[in-house]
Amino acid sequence: MIDSIAYPLANLLLLFYNFLGHQTVIAIAALTILIRLLILPLTLGQQKSARKMQELQPKIAKLQKKYGKDKERLTQEQMKLYKEAGINPMGGCLPLLIQFPIMFGLYRAIMYCVPTTPLQLFQFSQHIYKWLPGVVGLVPLQSAFLGMDLGRPPTMAQWWSYALPALVLATSWLQQKLLTPPAAGDDQSQSGMMNQQMQIMMPLMFGLMSLQFATGLSVYFIISNLIGIAQFYLVRVNRGGEGTRASSSSD
Amino acid sequence: MDQSWMRRWPSALVVLALLLSASGCTGGAAQPTSWTGLTVVGERLYAADLEQVVALNVADGSPLWTFPDDPEGEKRGVFHVTPAVGGGCVIVASQVPGGGFFSQPRDIVWALDADNGSILWHFDGAAGQYVEGGAISGGVFVIGNSDGNIYALDVESGALRWVFETGHRVWATPLIVSDIVYIGSMDRRLYALDLSDGEVRWVFYAEGAFASTPVLRDDTLYIGAFDDRLYAVDALMGTERWRFPGENWFWGGPVVYDHTVYATDVNGNVYAVDAETGEQIWHKPLDVPVRAGPALTGDGSRLFVGGQNGTLYALDTADGFMPWSRESEGQALSTPVVSGPVVYDAQINGPYRIRALYVDNGREVWAYPPVVEGQE
């Protein structure tokens with residue numbers, strides 16, 4: 001299943017590698033940009049949803065005052081409010097969830113192109129699109145980057161490689177913070193708690209995965225997160241400073 | 001929707017990620033990441049057989065010794081590489097998996113007493129995995145590593161003699177002839193190094209990675225590469241004599257007999273090529289992925305090729321005719337070994353690890369470990 005995503009991604013990686021100076025990190029960056037472009041409608045929808053959520057914050061605060069002691073009623077009223085506004089409170093999670101199969105596919109694609117075990121490489125040998133220009137003889141791609149091996153997890157021998165999981169954690173947190181609707185006051189509703197957990201758990205999860213997986217995947221995470229952050233600010237500028245976080249009272 | 005689940009699902013994702021990390025997504029020891037390697041010397045067959053190194057009696061497949069005796073308790077790691085035998089010792093390598101987020105796997109070369117499997121020395125100075133075995137000559141053991149280095153160790157003591165750095169992973173077994181080491185690297189180069197000090201004699205450049213062992217005939221080396229070509233290279237000068245195009249990578253090492261070179265590509269094509277001119281003599285598609293190179297009988301009359309489908313194919317060298325093939329439920333990714341009237345092949349993910357078959361008709365002599373009736 002994942003291989004049906006991984007093989008095309010791996011071949012795209014080879015193509016970018018061939019045309020972008022035989023630099024593995026640049027090829028991963030190019031592939032990341034392409035993936036971000038493909039999921040752009042989703043991420044823009046996420047930002048739109050977050051903005052609407054922010055606009056509802058005064059109303060949510062009022063509901064909290066009114067039904068603060070009755071959690072069940074509060075949740076019902078909030079859901080009603082969201083429904084009227086045409087917002088799915090879990091809509092912010094969708095781009096993240098859709099990224100999971102792509103992420104695992106890309107991870108496997110990197111492991112095929114910068115393999116650490118011969119079985120991975122042998123498996124991929126049957127799935128190279130030889131009709132793509134210049135891909136014959138490319139595999140395995142150059143794996144060295146700043147003294148690290150892009151096909152292996154961070155190691156103590158290259159202690160600086162642990163900077164990558166740290167950067168993944170930081171950029172994931174920032175992106176999550178920007179794209180998650182701010183909570184209204186002491187929002188104890190389901191979606192409010194879930195969003196608060198997401199802000200912590202998702203970056204933590206990506207950081208932990210970066211510790212265990214090939215550093216090439218960390219490169220993807222970091223570039224993808226930076227693009228997400230840049231996208232947030234670009235959309236905000238285009239809307240004349242009206243951003244999700246710009247005037248958040250909860251920060 | 002259930003409220004408690006709503007609250008907990010991000011936490012559940014973290015747990016899922018941790019489970020995935022621990023379950024072999026990073027290439028842990030639970031599943032083979034490479035293949036069993038075989039070497040036959042005299043009446044003994046040595047195999048780096050995942051959990052253990054085993055020495056078997058070639059007559060009946062009975063174990064003579066194993067290392068370690070208790071794989072679970074001793075935790076020596078996973079053994080893959082083809083054992084090198086010489087100077088009274090068997091030299092293998094293993095990878096001991098790391099545990100936890102900050103513990104890295106350790107890759108170790110082990111020299112074992114060929115008679116009883118006891119440890120003579122070990123070397124853990126490399127930073128990457130050993131994929132293929134090394135070669136012994138003149139008291140020196142030479143092996144490539146995924147850290148991009150070629151290591152030369154003293155066979156007696158395990159002391160490091162020299163290290164040669166290449167530009168990529170080294171997954172090929174070297175060929176040592178007199179005082180020269182010929183070894184290919186994933187950096188697309190075939191190196192000729194001085195055995196005594198690792199100094200470069202010459203370098204041959206291809207357009208794809210080298211992961212196989214060259215074979216020498218007279219003064220010509222034959223070796224395949226990941227650019228889908230089989231090369232003939234002048235062994236003295238390192239210059240190209242001819243190149244032969246295949247359909248896909250040449251991963252397994254070729255063999256040569258008289259005036260013919262036999263090679264396989266990973267698409268499962270077996271080629272017989274004129275050693276002088278590089279012209280194709282015959283071509284036999286097996287229609288199954290083939291990782292390893294062929295093995296040849298002593299009289300050069302028959303070839304053996306293992307397929308990913310677990311089948312061992314016998315081919316006549318005269319015309320590629322297939323007199324027999326023998327199926328298995330595993331994967332035959334190692335180069336078979338022929339010794340006298342018997343061919344030995346190793347399997348992964350199958351009911352047994354090693355089997356011995358008669359060269360003439362493919363009838364089974366023995367299998368190791370023996371398959372228990374009803375458990376196959």
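The questions and answers that follow concern a predicted model.

Q: What makes α4(A) roughly antiparallel to α5(A)?
A: The axes of helix α4 (residues 57–67) and helix α5 (residues 71–85) of chain A come within 9 Å and cross at roughly 155°. Angles over 145 degrees count as roughly antiparallel, and therefore α4(A) is described as roughly antiparallel to α5(A). The crossing in which α4(A) passes α5(A) is right-handed.

Q: Which residues of α4(A) and α5(A) meet, and how does the contact divide into nonpolar, polar and charged residues?
A: From α4(A) come Lys59(A), Ile60(A), Leu63(A), Gln64(A) and Tyr67(A), and they meet Arg73(A), Leu74(A), Glu77(A), Gln78(A) and Leu81(A) of α5(A). The residues of this contact comprise five nonpolar, two polar and three charged ones.

Q: Why is Leu50(B) counted as buried?
A: Leu50(B) has 21 C-beta neighbours inside 10 Å, and a residue is buried if 20 or more other C-beta atoms lie within that distance, so Leu50(B) counts as buried. Leu50(B) is located in the loop between β2 (44–49) and β3 (52–57) of chain B, and its phi is positive, at about 60°, although the residue is not a glycine. For chain B as a whole, buried residues account for 52% of the 376 residues.

Q: What is noted about phi of His22(A)?
A: Phi of His22(A) is near 55°, which is a positive value in a residue other than glycine. Such a value is worth noting because most residues other than glycine have a negative phi.

Q: Which peptide bonds are cis, the one from Val139(A) to Pro140(A) and the one joining Tyr368(B) and Pro369(B) being considered in turn?
A: The bond from Val139(A) to Pro140(A) is cis, with omega near 0°, and Pro140(A) is placed in the loop between α7 (118–125) and β1 (144–145) of chain A. The bond between Tyr368(B) and Pro369(B) is cis as well, with omega about -15°, and Pro369(B) belongs to the segment after β33 (364–368) of chain B.

Q: What makes β1 and β4 of chain B edge strands?
A: The order β1-β2-β3-β4 in chain B describes an open sheet of four strands with antiparallel pairing. Within that sheet, β1 (37–41) and β4 (63–67) each pair on one side only, and they are its edge strands. From one strand to the next, the twist averages 15°.

Q: How do you know that β1(B) and β2(B) pair?
A: Two strands pair if at least two bridges are found between them, and β1(B) and β2(B), which run antiparallel, are joined by five bridges. Val41(B) stands opposite Arg44(B) of β2(B).

Q: What marks the hairpin of β12(B) and β13(B)?
A: Strands β12 (residues 149–154) and β13 (residues 160–165) of chain B pair in the antiparallel sense over five bridges, with Ala152(B) opposite Trp162(B) of β13(B). Five residues stand between the strands of this hairpin, where Gly158(B) takes a positive phi near 85°.

Technical notes. Residues numbered from 1 in each chain as written. Chains lettered and ligands numbered in written order. Predicted model: local features only at pLDDT ≥ 70, side-chain atom pairs only at ≥ 80, totals over all residues. Buried ≥ 20, exposed ≤ 12 C-beta atoms within 10 Å, placed from the backbone. Helix = DSSP H or I, 4+ residues; strand = E, 2+ residues; numbered from the N terminus. Axes fitted to C-alpha atoms, helices over the stretch in contact; angles between N-to-C directions. Parallel < 35°, antiparallel > 145°, perpendicular 65-115°, else oblique. Left-handed = near helix turned anticlockwise from the far one by under 90°. Contact = placed C-beta atoms within 7 Å. Nonpolar A, V, L, I, M, F, W, Y, C, P; charged D, E, K, R; others polar.
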